[in-house]
Each structure stands twice: as structure tokens, then as C-alpha cells.
Amino acid sequence: MFQGFYNLTSGVLTQNRNLNVISNNMANTTTPGYKKDETTITTFHDTLISRVGNKEKQDAQVIGSSSSIVTVGQVATDYEAGDYEQTSNPMAFALGEKGFFCIQTNNGTVYTRNGDFSIDEQGYLSLPEIGRVLGENGPIYLGTDKIKADRAGVIRTEDGRQVLGKLSIVDFADRDTQLIKEDNGVFRATGAIEQVNDAEVYWKTVESSNVKPVDEMIKMMSSQRNLQSDLQMIKIYDQLIGKMVSSLGPTQ
């Protein structure tokens, strides 16, 4: 009976963490370029079950294994591209399937699919509240919003006479192991960075979040039902143990 507490308590903790992930996804439904997270649930530890003789406890025979505890195996990021939305903002860029924008911050370079840029006070192309957008030769200085850009990520003045910079687009051989997700939809790299020379850049376009609100709502309701079931069963277990203890009567 007491083993059931391990199953149920671990279930409560796991569903709480799963709900946190789902809530974060839903909070970023409108964040451009945001990539949703997925929770995988696994068993914490397998216990070997053996059968032994009635009298001589020898020659144990393995009959299987079981696990008393479930836990979150990992929280994986889904890098599938979101929908593309055209905008009137001349500072908005989106990428095809390949690549990430490079953003210079006070704590080093971060990477993102969010191309909803603007011009900062000094005239540099920037991602608000994050940092300046890097080109192939450093931060891109514009000084004006009268610009145009091509599919290669080359930014020119509106008349096309002057090249202001070219977006630096990079990618990673294994995104799951080489990228660490941080707040505001940006990532830090832990492995080799590959320059993408054939990236497709869409000007005056923003990639939306790949979070599908309906799917997340279904996941949330399912997780909440599991959580409530576990809590109800814990209450029943507690009542049964209370009755068992009271039935034993006072001890001498």
C-alpha cells in the first residue's frame, strides 16, 4: 500500500512540471519566432522482481521489473518553423527552414528566430530588450528606416545605391544538444557554429510562434485531470491508512 504514495506523489510532481512547460508555451503564443517545448515522461528507476523458493531462499528466478516513480525525462524544444506573416515594418525579417539570427548582448552572442527588429537610439538594427543584430562585419548600423533587403539578407538604402550590411545567419548540426534555451525566445550555443550561406531571408515578414493554442489547451486539460486523479488517490490512501491504524487499537 505504502508504495502507492511513491507512484502518486511522483505523478503529482511530474504533472506540475508538465503544466509549467505548457503554461510557458501558451504565454509565448504571440512571441515571434518562439519555439515550443515538449515534455517527455519516463520512469525514474526500475526495480528487479525475483521469485525465490518457499523454504530454501536460493536460485532466485527473475520474473520482471517495475518502477514506483515517474519523472520528467527531458524538456525538448520543437524547432519546427511557425507561420509567416507579412508586415509593414521595414525592420522585420524572417528565415526559411535554415538558420538563426545572431544578436550581440552584454553577455555574449545569442541566437534567435525572432526577426521583429527595430532601430535603437544609436541607429543600429536591434532586437528590442535583447541586443544588436550582427552582420558579417559586426553590428549592423542603419541610421535610417528607409531600407530594402533581398533574399540573401543584404540590406541596402531605399534607392539601392549603398549596402548597409548583410545579416549573419548561422545554424547548428544538432540543435537539441548544441543549443540552450533562455528567456525571450533566444538560445546560447554550446557547440560548433556553422555559417549558412544559402539561407532564405524574407523582408517585411515575421515568423510567428509555432505554439498551437488548441493543442496546448488539450494537453493542459489532460495534465490537470491526471494531477487531480493523483491527488484524489493520495487522499484515499491517507484515509485507508488512518482506518488501518485505528483498527489496530491501543498498543500495550
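**Figure 1. A buried salt bridge between E207 and R113****.** In this predicted model, E207 pairs with R113, and their closest N and O atoms are 3.0 Å apart. E207 belongs to strand β21 (residues 205-207), while R113 sits in the loop between β8 (108-112) and β9 (118-119), so the pair ties together parts that are 94 residues apart in sequence. Both partners are buried. The model has 14 salt bridges in total.

**Figure 2. The salt bridge between K219 and E38****.** The closest N and O atoms of K219 and E38 are 2.9 Å apart. K219 comes from helix α3 and E38 from strand β1 (residues 37-43); the two are 181 residues apart, and the pair links distant parts of the chain. K219 is partly exposed, at 30% relative accessible area. E38 is also partly exposed, at 26%.

Figure 3. E182 is partly exposed at 32% relative accessibility. R188 is partly exposed at 22%.

**Figure 4. The largest nonpolar core****.** This core holds 23 residues. F93, F117, L125, I155 and L167 have the most contacts inside it. Strands β6 (93-95), β7, β10 (125-127) and β13 (147-149) each supply at least two of its residues. A second, separate core has nine residues, including Y79, F100, C102 and Y111. In soluble globular proteins, nonpolar side chains tend to be buried together.

**Figure 5. Surroundings of F117****.** Neighbours within four places in sequence are left aside here. F117 then contacts N89, M91, A92, F93, F101, I103, L125, S126, L127 and V133.

**Figure 6. Q104 in strand β7****.** Strand β7 spans residues 100-105. Q104 is partly exposed, with 36% relative accessibility. Beyond its neighbours within four places in sequence, Q104 touches I130, G131, R132, L134 and P139. The C-alpha atoms of Q104 and L134 are 6.4 Å apart, although 30 residues separate them along the chain.

**Figure 7. A nonpolar surface patch****.** V214, M217, I218 and M221 make a patch of about 370 Å². I218 lies in helix α3 (residues 213-248). I218 is partly exposed, at 48% relative accessible area.

Methods: Residues are numbered from 1 along each chain as its sequence is written. This is a predicted model: local features need pLDDT of at least 70, side-chain atom pairs count only at pLDDT 80 or more; totals for chains, interfaces and linings use all residues. Side-chain values use heavy atoms; hydrogens and water are left out. Patches are made of residues with over 30% relative accessible area and no salt bridge: like charges are joined within 9 Å, nonpolar side chains (Val, Leu, Ile, Met, Phe, Trp, Tyr) within 5 Å. Accessible areas come from the Shrake-Rupley method with a 1.4 Å probe; for residues, only the protein chains shown count as cover. A salt bridge is a side-chain nitrogen of Lys or Arg within 4 Å of a carboxyl oxygen of Asp or Glu. Helices (H or I, at least four residues) and strands (E, at least two) are DSSP runs, numbered from the N terminus. Buried means under 20% relative accessible area, exposed over 50%, partly exposed in between (1.4 Å probe, protein chains only). Contact means heavy atoms within 4.5 Å. A nonpolar core is a set of buried Ala, Val, Leu, Ile, Met, Phe, Trp, Tyr and Cys residues joined through side-chain atoms within 4.5 Å.
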